[in-house]
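Open the model in your viewer and keep the sequence panel beside it. The tour below goes from one selection to the next.

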Amino acid sequence: MLVIAEKITRIYNRGQEKIYALRDGSLQIQAGAFVYVTGPSGGGKSTLLHLLGGMDRPDAGHLSVNGFALEKASEEQLTHFRRDNIGFVFQFFNLISSLSALENVMLPQIARGIRAREAQKNAAALLDQLGLASRVRHRPAELSGGEQQRVAIARAIIGSPALVLADEPTGDLDQANAEAIIKLMRDLNAELRITFVVATHNKALVDTNSQVLELRDGVIKES
Amino acid sequence: MLLALRLSLEDLLRDLSRTLLSLVGLALVVASYFILSALSGAFGYYLENTDLSRNLIVIEKDVYDPADAILEPGVIAVPVELMPGKVKRVSPFVFRHTNINGVVMILRSADPADWEPVYHLSLVNGAWPGKADEIAADAGYSLANQWKIGSVLNIFGTPFRISGLYRAPSATFSSIWMPFSSFRDLFSLKGGYQALYVQVAAEADPEAVRAQLENDPRLAGKYAVYFEENYVQRNTQALKEMRSLSAISSLVALLGIVFGIFNAVVLSTVERGYEIGVLLGIGFSKQSIRWFMLLRVFMLVFMAYFVGLAIAGIYSTCQQAFFPLFIFGLPLNLQITPLMALNGLGLVVVLGMFGTWLSTRRFFSLRIVELLRER
């Protein structure tokens, strides 16, 4: 199993009040799977993705990704874990505005210590593969929403991570672009065998033949 | 590295007006540091060039005003007897506080042969007085009063011409000097000199010589013998205090770098909280992002450093040319030395680093998810 979560809980304190963003959640995800996480806003989808990506730690329970126990890891270990195992796609694309598409895709490789020349070559090849060869020198503001999200996906998969986490990747796109992005991720999943966990509140995009986790009030329900 | 440099530069250019504002603020702080350091250096110049500790002064005891002191002719013989083993040179002198062209100054006189070796006057322009109506004036005083070689000064109703300009190591001797014969004629002196300078031989113990002179039966009880240092102590102390004050002020001014950087970095980290969260999310460590911020800060402080250095250089040049500064009549030469520039660079780098650390400390204690909520 790529992901094993056993009774993970994440609590946020809002003043004296305790908010259970995730309550005793258990799940398993196989390597190479394409998993949807659905549910209403505030249901805990982002919290689950942040925990899976090592950007946050559970308050209770056990969580391991690719054999790495996240709940006990130090800050430095989590940085290495994210660098080597995780790719992120966020709702608002989150490309660095002052960098070109090519440079944005180079970033995870630079974080890994790969030489700029090699990182540039890899990034250009991947953008070409995703149909963005003519847009490599463009800055995010010069790209459409769909193009920006494709660049963000390229940035997420450039390091061949074990797991790509996409938090509402289509939230800022129209239906046609949203479907194209989901299709692109599914194609990459099939082609590269990279595991994808995609959070979305848009049920129309969910392929019910895949593993679907529904999150409501911090409780995970597998359907 | 090139990418980081480019990113830093573009980040600075992204909000050009704010970057320029920060740059101007920091440059003024750097310029203040250099001007105050140069001022401290100018004070230091006079202190470093004051090497008077081996001179003794013999003057009548219990005289209310030293100008009223009288030196009996027999007194001179006492230190002369100690030459050459213990005493190198003996120089009797006279002085008067007098109004010269509307300025109250000390007029001094001694054997012109003693002016350089005993009183450490060094000629910077013209020639030492060779005629009865010639005088030598301190270069600083002359600059302050716009006197030149050839200027005629009215002293005690008699015109005198400046034949030479000199520089003295301490404020004490910065005045007008004339040969003793001219002085005697000017004031119709009946008596002789007022006090005696005794230059102690290099190999002798100055304190032992001082004690020997003071206890000599011909001087004991009637004359005091003390170190020249005591004589000039007040001025020297004032110079020392002003130097310290300038040095402290220059360092305090430079602390402005910390606050300037703190503000600039805090503002930009708050604005870029989400982007930083994303960078951390894709695998950059907090340390590497701190380095990136440091690089950005360095670009800013280096620019501010060179602009500040240029401002200080222009200011000191203009100050010298149009509004020269004086202390006790001594001209203060504001000079930014290479050592000062190097020290400034080192301090700017260290303080910039400190300001960055201070401003990112709280920010980096936040979790990534908290940063991602900053949008």
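Start in chain B with helix α3, residues 73-80, whose buried residues are Val75(B), Val78(B) and Pro79(B). Look down the axis of α3(B): these buried residues fall within an arc of 85°, so they line one face of the helix. Buried means 20 or more other C-beta atoms within 10 Å of the residue's own, exposed 12 or fewer, and partly exposed in between, with C-beta atoms placed from the backbone. The arc is taken over directions from the helix axis to the C-beta atoms. Helices (H or I, at least four residues) and strands (E, at least two) are DSSP runs numbered from the N terminus.

This is a predicted model: local features need pLDDT of at least 70, side-chain atom pairs count only at pLDDT 80 or more, and totals for chains, interfaces and linings use all residues. Residues are numbered from 1 along each chain as its sequence is written, while chains are lettered from A and ligands numbered from 1 in the order written.

Now turn to the other side of α3(B), where Pro73(B), Gly74(B) and Ala77(B) are exposed. The cover over the buried residues of α3(B) includes β1 (55-60), β2 (87-100), β9 (195-200), α7 (206-215) and β10 (223-227) of chain B; contact means C-beta atoms within 7 Å.

Next, select α5 (145-157) and α6 (175-192) of chain A, whose axes come within 10 Å and cross at roughly 20°. Axes are lines fitted to C-alpha atoms, for helices over the stretch in contact, and angles run from 0 to 180 degrees between N-to-C directions. α5(A) and α6(A) are therefore roughly parallel (angles under 35 degrees) to each other.

How values were computed
Contact = placed C-beta atoms within 7 Å. Parallel < 35°, antiparallel > 145°, perpendicular 65-115°, else oblique.
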